[in-house]
Amino acid sequence: MNAASAPREIASPRRNAAGFSLLELLVSLAVFAALAAAAYGGLAEIARARGALAERQDRLAALVRAVSTFERDLRQAVWRPVRGNGRGAPVPALAGAPDSIEFTRLGFANPRAEPRSHLERVVYRIDANALQRGRYAVLDRAPNSEPAVALLLGKVTALRLRYLGADGAWRDRWPPAGDDAFDNTSARPPELPRAVEFRIATVDAGELRRVVELPSAFPQESVETRDRPPSGGSRATGTSP
């Protein structure tokens, strides 16, 4: 048998490749879409919760910062009366009302050694539902001087203040009205209260209450007698005979 007459091998038919039908593909797409929607909803909820938590954290930080700033300024209050606007009328070292307070404080940092005082006159008040902190450029201010105001805390509905006198009684104003000992025209100028209570009513955090003890002023008698020689003799010069 020659090569020409040899029977040729018949190729087997090619098998069809396995695949998805149109119905299976549609079902798969529907399942994937449902899973994607569920996953997106969960991620969106996580994002909303994270945003709300970050907002609450920022609000809490603002509350703590505002209260700490108020407390720090009060603890640094110092007995230093000033001259007010207009004709230079005397203003007490601490002038307090039921909803605002103005006082002189220490700790006005001067890192550049500028020719100015280390004391600062600050004021706290409520305006447009916000707690504001104002500071004057100088202590004895010129006419029509206004403080530079900074927003300390928003969403505040009220600021309430009380002042504790040396007699242990709380007052709504300082210096107390009608008390000769605290009259600006008297020989003894008004002193600082023993403590100040402030309440900050907020929209979302309720009412914040703090009682801050103030530093006591040096008695005028001790200042006058500090350099006075002791009775019955002259002051020692510090030199040997």
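# Reading salt bridges, cores and surface in this model

Author: Let us start from one pair of side chains in this predicted model: Asp140 and Arg80 form a salt bridge, in which the closest N and O atoms are 3.1 Å apart.

Reader: Which parts of the chain does the pair of Asp140 and Arg80 tie together?

Author: Asp140 belongs to the loop between β6 (130-135) and β7, while Arg80 belongs to the loop between α1 and β1 (82-83), so their pairing ties together parts that lie 60 residues apart in sequence.

Reader: What can side chains of opposite charge do when their charged atoms come close?

Author: In general, such side chains can pair when the charged atoms come close to one another. In this structure the count of salt bridges comes to 18. One of them joins the side chains of Asp204 and Arg59, with 3.0 Å from N to O. Asp204 sits in the loop between β10 and β11 and Arg59 in helix α1, so this pair ties together parts that are 145 residues apart in sequence.

Reader: Are Asp204 and Arg59 buried or exposed?

Author: A residue is called buried when its relative accessible area is under 20%, and partly exposed when the value falls between that and 50%. Asp204, with a relative accessible area of 43%, is therefore partly exposed, whereas Arg59 is buried, with a value of 16%.

Reader: Which side chain meets Arg105 in a salt bridge?

Author: The side chain of Asp73 meets that of Arg105, at 3.3 Å from N to O. The two come from distant parts of the chain, since Arg105 is in strand β4 and Asp73 in helix α1, 32 residues apart. Both Arg105 and Asp73 are buried. They also take part in a network of salt bridges, which links Arg72, Asp73, Arg105, Glu120, Arg133 and Arg135.

Reader: How many helices and strands are there in the protein, and in which order do its elements run from the N terminus on?

Author: To read the overall layout, one first counts the elements and then follows their order along the chain. Here there are two helices and eleven strands, and the order from the N terminus is α-β-β-β-β-β-β-β-β-β-β-β-α. Of the contacts in the protein with a separation of 6 or more, 55% are between residues 24 or more positions apart.

Reader: How many residues does the largest nonpolar core have, and which of them have the most contacts inside it?

Author: A core of this kind is a set of buried nonpolar residues joined through side-chain atoms. The largest one here has 28 residues, and those with the most contacts inside it are Phe70, Leu74, Ile101, Phe198 and Ile200. At least two of its residues come from each of α1, β4 (101-105), β5 (120-126), β7, β8 (156-164), β10 (195-202) and β11 (207-213), and α1 gives the most, with six residues. Apart from this core lies another, of five residues, among them Val78, Val82, Val91 and Leu139.

Reader: Which residues is Phe198 in contact with, leaving aside its neighbours within four places in sequence?

Author: With those neighbours left aside, the contacts of Phe198 include Val67, Phe70, Glu71 and Leu74, and also Leu159, Leu161, Leu208 and Val212.

Reader: Why does Thr69 count as buried?

Author: Thr69 counts as buried because its relative accessibility is 12%. This residue is found in helix α1 and, not counting residues up to four places away in sequence, touches Tyr124, Arg133 and Leu152. Arg133 is also one of the contacts of Ala150, together with Leu131 and Gln132, when neighbours within four places are left aside. Ala150 is found in strand β7 (residues 148-154) and is partly exposed, with a relative accessible area of 42%. Between the C-alpha atoms of Ala150 and Gly134, which are 16 residues apart along the chain, the separation is 6.2 Å.

Reader: Which residues make the nonpolar surface patch of about 410 Å²?

Author: That patch is made by Leu22, Leu25, Leu26 and Leu29. Leu25 lies in helix α1 (residues 22-75), and at 44% relative accessibility it counts as partly exposed.

Key: Residues are numbered from 1 along each chain as its sequence is written. This is a predicted model: local features need pLDDT of at least 70, side-chain atom pairs count only at pLDDT 80 or more; totals for chains, interfaces and linings use all residues. Side-chain values use heavy atoms; hydrogens and water are left out. Patches are made of residues with over 30% relative accessible area and no salt bridge: like charges are joined within 9 Å, nonpolar side chains (Val, Leu, Ile, Met, Phe, Trp, Tyr) within 5 Å. Accessible areas come from the Shrake-Rupley method with a 1.4 Å probe; for residues, only the protein chains shown count as cover. A salt bridge is a side-chain nitrogen of Lys or Arg within 4 Å of a carboxyl oxygen of Asp or Glu. Helices (H or I, at least four residues) and strands (E, at least two) are DSSP runs, numbered from the N terminus. Buried means under 20% relative accessible area, exposed over 50%, partly exposed in between (1.4 Å probe, protein chains only). Contact means heavy atoms within 4.5 Å. A nonpolar core is a set of buried Ala, Val, Leu, Ile, Met, Phe, Trp, Tyr and Cys residues joined through side-chain atoms within 4.5 Å.
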